[in-house]
Amino acid sequence: MAPEAEQLRLLVIDDEPKLTNFLRLELEVEGYSVAVAHDGASGLIALRSDPAPDLVLLDWNLPDFTGLDICRRIRSTGMKLPVLMLTGYNEVKDKVEALDAGVDDYLVKPFSIEELLARLRALQRRALAMQPDPQDSEQLQIGDLELNLANHDVTRAGRTIQLSNKEYQLLVFLMRSPNKVQSRLEILHGVWGESFYGDDNLLDVYIRYLRQKVESPEEPKLIHTVRGVGFMMRLEEASS
């Protein structure tokens, strides 16, 4: 992911001509190279272009596919490029559904161009932060929970754990600071971006998802709630 906006290729998949024309003008002024697709099929073809886009703005409702369908297809191919969903839906269940489909961030219409640009900058920073640092080990480990930053494999006690894109990002964030209490705001900013100001119930939803997948009653607890503060990753000592 290129760190500078002028180096980024951005694909907008949306069927509203007035909105896409506005976005193209505003984003090109900011230095982005912008391509537009007005339906899902055209968007999928554009995603296979050479060079491929670095980032996608994706409408939820399209004439042929839903934005969720498009995002699932993107993730099924192994593409890691950031996806920002544009939609009129604003319920927590809708946000969770979008994030589970592989969306990285979620922006409710109508929105300001300033907020959109802030979300794009946050996505760029988070994409860079999720890349393995050549100076660091490619493996994160707490007890028998192991996470490979190179191929995104997650295992505990030898069993493979399947995570959604957002669950994986949350687990990486927590495992990079073991035995350290992370405030709710620190986690939200680290995983959802500094511009996130929505319902922080999303964090509780994804903590619950992670616990269901990486913990079992027979295993030492890993994800701990620090009441009034946030959460931390720490291997709970087995009771004697």
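First, the ground rules. Residues are numbered from 1 along each chain as its sequence is written, and side-chain values use heavy atoms, without hydrogens or water. Because this is a predicted model, local features need pLDDT of at least 70 and side-chain atom pairs count only at pLDDT 80 or more, while totals for chains, interfaces and linings use all residues.

I start with the sheet. Four strands make an open sheet in the order β6-β7-β8-β9, with antiparallel pairing. Helices (H or I, at least four residues) and strands (E, at least two) are DSSP runs numbered from the N terminus, and two strands pair if DSSP finds at least two bridges between them. At the edges stand β6 and β9 (159-160), each with a single partner strand, so one side of each has no neighbour in the sheet. Helix α6 packs on the sheet and touches β6, β7 and β8. The direction of α6 makes about 110° with that of β7; axes here are lines fitted to C-alpha atoms, for helices over the stretch in contact, and angles run from 0 to 180 degrees between N-to-C directions.

Now the strands one by one. β6 (residues 139-142) pairs with β7 (residues 145-148) over four bridges, in the antiparallel sense. Ile142 stands opposite Leu145 in β7. This hairpin has two residues between its strands, and Gly143 takes a positive phi near 60°. On to β8 (residues 154-156): three bridges join it to β7, again antiparallel. Here Glu146 stands opposite Thr155 in β8. The hairpin of β7 and β8 has five residues between the strands, and His152 in the turn has a positive phi of about 70°.

Next, helix α4, residues 92-100. Asp94, Lys95, Val96, Ala98 and Leu99 are buried in α4; buried means under 20% relative accessible area, exposed over 50%, and partly exposed in between, with a 1.4 Å probe and protein chains only. Among the elements covering these buried residues are α3 (67-76), β5 (105-108) and α6 (165-175). Gly102 follows α4 and has a positive phi, near 115°.

What about aromatic pairs? A search of the whole structure finds three. Rings of Phe, Tyr and Trp (its six-membered ring) pair if their centres lie within 6.5 Å; planes under 30 degrees apart count as stacked, over 60 as edge-to-face and the rest as tilted. Trp60 and Tyr89 have ring centres 4.8 Å apart and planes at 80°, so this pair is edge-to-face. Trp60 lies in the loop between β3 (55-59) and α3, and Tyr89 in the loop between β4 (83-87) and α4, so the pair ties together parts 29 residues apart in sequence. Trp60 is buried at 7% relative accessible area, whereas Tyr89, at 34%, is partly exposed. Trp60 also pairs edge-to-face with Tyr106, at 6.4 Å centre to centre and 85° between the planes. Tyr106 is in strand β5, so that pair ties together parts 46 residues apart in sequence. Ring pairs link Trp60, Tyr89 and Tyr106 into a cluster.

Last, Asp59, which is in strand β3. Is Asp59 buried or exposed? At 5% relative accessibility, Asp59 counts as buried. Its side chain makes a polar contact with the side chain of Lys109 at 3.1 Å. A polar contact is a pair of N or O atoms within 3.5 Å; within protein, one must be able to donate a hydrogen and the other to accept it, and residues adjacent in sequence count only if both atoms are side-chain atoms. Leaving aside neighbours within four places in sequence, Asp59 is in contact (heavy atoms within 4.5 Å) with residues including Ile13, Asp14, Met85 and Lys109.
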